[in-house]
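Biologist: I would like to learn how to read side-chain contacts. Please take me through them step by step.

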Amino acid sequence: MVERVLRAPSQYWMLILMWIRSSMAYPTSFVLMLVSSMVLTVMDFVAIALMFSHISSFGGFSLAEMALLYATASMTLGIADLFTGSIERVGERIRTGTFDAYLIRPVPAFLQTAADGFALRRIGRPLQALIVLVLALRRLDVDWTVARGIMLAVSLVAGSVIFGAIFVLGAAFQFVSLDSAELANSFTYGGQTLTQYPLAVFGKEIVRAVTFVVPIAFVNYYPVLFVLGKPAPLGLPSWIGLLSPLVAAVMIALASLAWRAGLRRYRSTGS
């Protein structure tokens, strides 16, 4: 077991390297798709910027603070989508019976599924988010401390892990319901859209749901509140953002259990 865990990173890298070489065989096409990906994803922030041409704050957030929310939400989803987004295609593999091939190869089925069709062009989303993040940090009026700096950096990793775990949970559910990829997308892409805005503008039921049920509020919202020194909603402590790594660890455990349960339930197509 320990040997398999130690070999996993190199095996995953070999798989995605194959897909990267494939995509780079047509460099012009790759650049065009990368640029189009960046342009399409940044339109969400353009809409936010246009909104601030008529208002000075939204939900208690300035434009620079909204830019920080947007950048962290978009970057974490982009990283998760880059490395685990392909796993949502497992339902198609199960329906066609091609998932069986993953089970007889000397590489974990999870790694093969996560690396399947690895699309380097997806790096466009985190790249444009990084640009927005740099611009936001330059305009923010924040009393930076070591704790706030570390919290921001850690939240980007923890948020990516949380989104990645949701991708895996959605894929695991497809062992039961084959046509449920869009259900997971509602929590990943839909969650990114939700968390790029202050959750305080939504109803308390929504805030409770994304805190205690599907904890996407820990992706960026609570960590950003800690960085900006803003109070948390629902009477929660201001330091709740510090729990983001713990939430990420719990989500990894749940995703692992769900994936293993899905594999045990899998009975092939019979063809």
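Biologist: How does Arg 93 count at 22% relative accessibility?

Modeller: Compare the value with the cut-offs: buried means under 20% relative accessible area, exposed over 50%, and partly exposed in between (1.4 Å probe, protein chains only). Arg 93 has 22%, so Arg 93 counts as partly exposed. A word on the source: this is a predicted model, so local features need pLDDT of at least 70 and side-chain atom pairs pLDDT 80 or more, while totals for chains, interfaces and linings use all residues. Residues are numbered from 1 along each chain as its sequence is written, and side-chain values use heavy atoms, without hydrogens and water.

Biologist: Which residue forms a salt bridge with Arg 93?

Modeller: Side chains of opposite charge can pair when their charged atoms come close. The cut-off for a salt bridge is a side-chain nitrogen of Lys or Arg within 4 Å of a carboxyl oxygen of Asp or Glu. Here the partner is Asp 116, with the closest N and O atoms 3.0 Å apart. Asp 116 sits in the loop between H6 and H7, and Arg 93 in helix H4 (residues 90-96), 23 residues away. Helices are DSSP runs (H or I, at least four residues), numbered from the N terminus. Asp 116 has 6% relative accessibility, so Asp 116 counts as buried. Shared partners join Arg 89, Arg 93 and Asp 116 into one salt-bridge network.

Biologist: How many salt bridges does the structure hold?

Modeller: The structure holds 4. One of them pairs Lys 230 with Glu 65, at 3.5 Å between the closest N and O atoms. Lys 230 is in the loop between helix H11 (221-228) and H12, whereas Glu 65 is in helix H3, so this pair ties together parts 165 residues apart in sequence. Both residues are buried. Another salt bridge joins Asp 81 and Arg 122, at 3.9 Å. Asp 81 lies in helix H3 and Arg 122 in the loop between H6 and helix H7 (124-139), 41 residues apart. Asp 81 is buried at 8% relative accessibility, and Arg 122 is buried at 19%.

Biologist: Over the face of which ring does Lys 230 lie?

Modeller: The test is NZ of Lys or CZ of Arg within 6 Å of the ring centre and within 35 degrees of the ring normal. Lys 230 lies over the face of Phe 61, at 5.0 Å from the ring centre.

Biologist: How many aromatic pairs does the search find?

Modeller: A pair of rings is described by the distance of the centres and the angle of the planes. Rings of Phe, Tyr and Trp (its six-membered ring) pair if their centres lie within 6.5 Å; planes under 30 degrees apart are stacked, over 60 edge-to-face, the rest tilted. The search finds 12 pairs. Among them, Phe 45 and Tyr 70 are tilted, at 5.4 Å and 35°. Phe 45 is in helix H2 (residues 27-51) and Tyr 70 in helix H3 (residues 63-84), so the pair ties together parts 25 residues apart in sequence. Both Phe 45 and Tyr 70 are buried.

Biologist: Why is the pair of Phe 110 and Trp 259 edge-to-face?

Modeller: Their planes are at 75°, with the centres 5.7 Å apart, so the pair is edge-to-face. Phe 110 lies in helix H6 (residues 109-115) and Trp 259 in helix H12 (residues 244-265), so parts 149 residues apart in sequence are tied together. Phe 110 is partly exposed at 28%, while Trp 259 is buried at 6%. Ring pairs link Phe 99, Tyr 102, Phe 110, Phe 175, Trp 259 and Tyr 266 into a cluster.

Key
Helix = DSSP H or I, 4+ residues; strand = E, 2+ residues; numbered from the N terminus.
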